Amino acid sequence: MYVDEISSEFFVEMWDLSHIYGVYDESNFSGALKIESISQFSEGLLKFKNDFRVLVITNILNAKLKLIYTILKKYDIPIICISKDSFAASLEKRGKLRYLRYFRKEEQLRSILKATPILKHILEKRSVRGLPYDYLMGGSNYYPEQSRCFLRIHQIKYDEFLRAKTCDSIVKGKYLLYVGSAPTTHPMYCNKSNSLNHEDYMCAMRSYFEKVEKDIGLEIVISGHPKGRYLAKDWGGRKIYIGNTAELIHHCEGVICHFSTSLVNAVLEYKPIQILYNKEMLSSAYGPSMVSGLELGRICKTDVCDINDYHKWNLDVNKLAFDEFLENEIVYIQYKRKSNSELICGYLKEISKY
């Protein structure tokens with residue numbers, strides 16, 4: 001989240017608050033100062049009392065701010081959030097009513113109630129709980145009630161896209177790319193009571209891949225989600241790569257996906273996209289993510305295919321729809337030649353003057 005770039009312009013300390021939030025992961029916080037209690041957090045801020053101007057929070061969502069908000073405000077510290085999670089949530093929110101029939105009855109009722117204007121207004125105010133960010137940076141201001149001031153940057157995948165433009169291909173020849181989201185093996189989905197059946201899902205995917213490869217004449221390469229489990233036998237022996245999604249998108253002929261924020265890279269690259277789904281996925285624990293994928297497909301006018309009702313993919317791109325989506329939600333067109341780190345550091349310099 002641009003820590004290295006910000007560090008080149010400002011004095012920065014990284015604080016790991018995962019201990020006090022109860023979500024500690026040793027692998028995620030190399031070099032950060034471990035904060036193990038609220039009192040340690042409060043005492044640590046004392047040394048910045050006279051000269052500390054800005055705290056950038058990159059991975060604490062608005063609903064989780066309550067734990068530290070009053071302490072930050074006690075020292076009059078502005079709070080900045082670099083938005084990274086609201087993109088998928090906003091797509092799900094926009095698309096949910098279209099696919100409501102696939103969800104459990106209690107979820108259907110909850111979603112309908114949330115969509116009523118009065119309750120929607122109450123829930124929006126309650127979600128903030130009087131704890132707005134002072135500044136929110138993002139590709140689009142999906143939740144204006146969560147911040148006092150919105151500062152536009154590119155969506156966070158944009159820098160990844162810029163870097164990938166200069167990379168060499170790690171796959172020989174032309175290929176189609178499946179961007180995985182691990183709907184049956186990701187910890188977020190696989191331990192729920194309504195999880196997808198792994199064997200049924202893999203059988204359907206292998207059958208679908210065989211049809212696509214036969215129709216289009218290109219092999220499918222797998223870009224795996226880092227938190228999923230990917231076994232070559234599950235995918236019919238196809239090549240599997242982890243951690244190279246942007247580069248693989250840059251060199252592929254088309255992208256197949258259920259949903260991933262990496263679809264932003266595919267739109268930025270003007271790659272043909274096919275959103276792949278079935279009703280089992282929509283009614284499972286993976287359903288909200290699947291709704292996000294279908295909504296992105298609707299907005300960008302991509303091909304959408306039910307795994308159980310195969311049709312040939314013609315690899316078309318609706319450039320007008322792609323452009324509109326990019327301008328509205330992904331790229332700060334006025335500064336498209338600038339990276340996010342340049343935009344962020346520019347904003348921080350302006351804020352630090354006050």
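Predicted model: local features only at pLDDT ≥ 70, side-chain atom pairs only at ≥ 80, totals over all residues.
Which residues in α3 meet which residues in α4?

**View 1. Packing of helix α3 against helix α4.** From α3, the residues Ile38, Phe41, Ser42 and Leu45 take part, and they meet Leu67, Ile68, Ile71, Leu72 and Lys74 of α4. Two packed helices are described by the angle between their axes and the distance between the axes. Here α3, spanning residues 38-46, and α4, spanning residues 66-74, pack at an angle of about 20 degrees, and their axes are 10 Å apart. Angles under 35 degrees count as roughly parallel, and α3 and α4 are therefore roughly parallel to each other. The crossing in which α3 passes α4 is right-handed.

**View 2. The open four-stranded sheet.** The strands of this sheet follow the order β3-β4-β5-β6, and their pairing is parallel. The edges are formed by β3 (55-57) and β6 (147-152); each has a single partner strand, so one side of each is left without a neighbour in the sheet. On average, and with direction ignored, neighbouring strands of this sheet are turned by 25 degrees against each other.

View 3. Strand β5 comprises residues 133-138 and runs parallel to β4 (residues 79-82), to which three bridges join it. Within this pairing, Ile80 has Tyr135 of β5 as its bridge partner, while Ile82 stands opposite Met137 of β5. Pairing between β5 and β6 is likewise in the parallel sense, and it extends over five bridges. Tyr135 has a bridge partner in β6 as well, namely Cys149. Six of the six residues of β5 are buried, so this strand is largely enclosed by the rest of the structure.

**View 4. Helix α16 across the sheet.** Helix α16, formed by residues 340-351, lies across β3, β4, β5 and β6.

View 5. Asn278 is placed in the loop between β11 (273-277) and α13 (279-282). Is Asn278 buried or exposed? The relative accessible area of Asn278 is 7%; because buried means under 20%, Asn278 is buried. When neighbours within four places in sequence are left aside, the residues in contact with Asn278 are Asp306, Ile307 and Asn308.

Terms used. Residues numbered from 1 in each chain as written. Heavy atoms only, no water. Axes fitted to C-alpha atoms, helices over the stretch in contact; angles between N-to-C directions. Helix = DSSP H or I, 4+ residues; strand = E, 2+ residues; numbered from the N terminus. Parallel < 35°, antiparallel > 145°, perpendicular 65-115°, else oblique. Left-handed = near helix turned anticlockwise from the far one by under 90°. Contact = heavy atoms within 4.5 Å. Buried < 20%, exposed > 50% of the residue type's maximum accessible area, 1.4 Å probe, protein only. Pairing = 2+ DSSP bridges.
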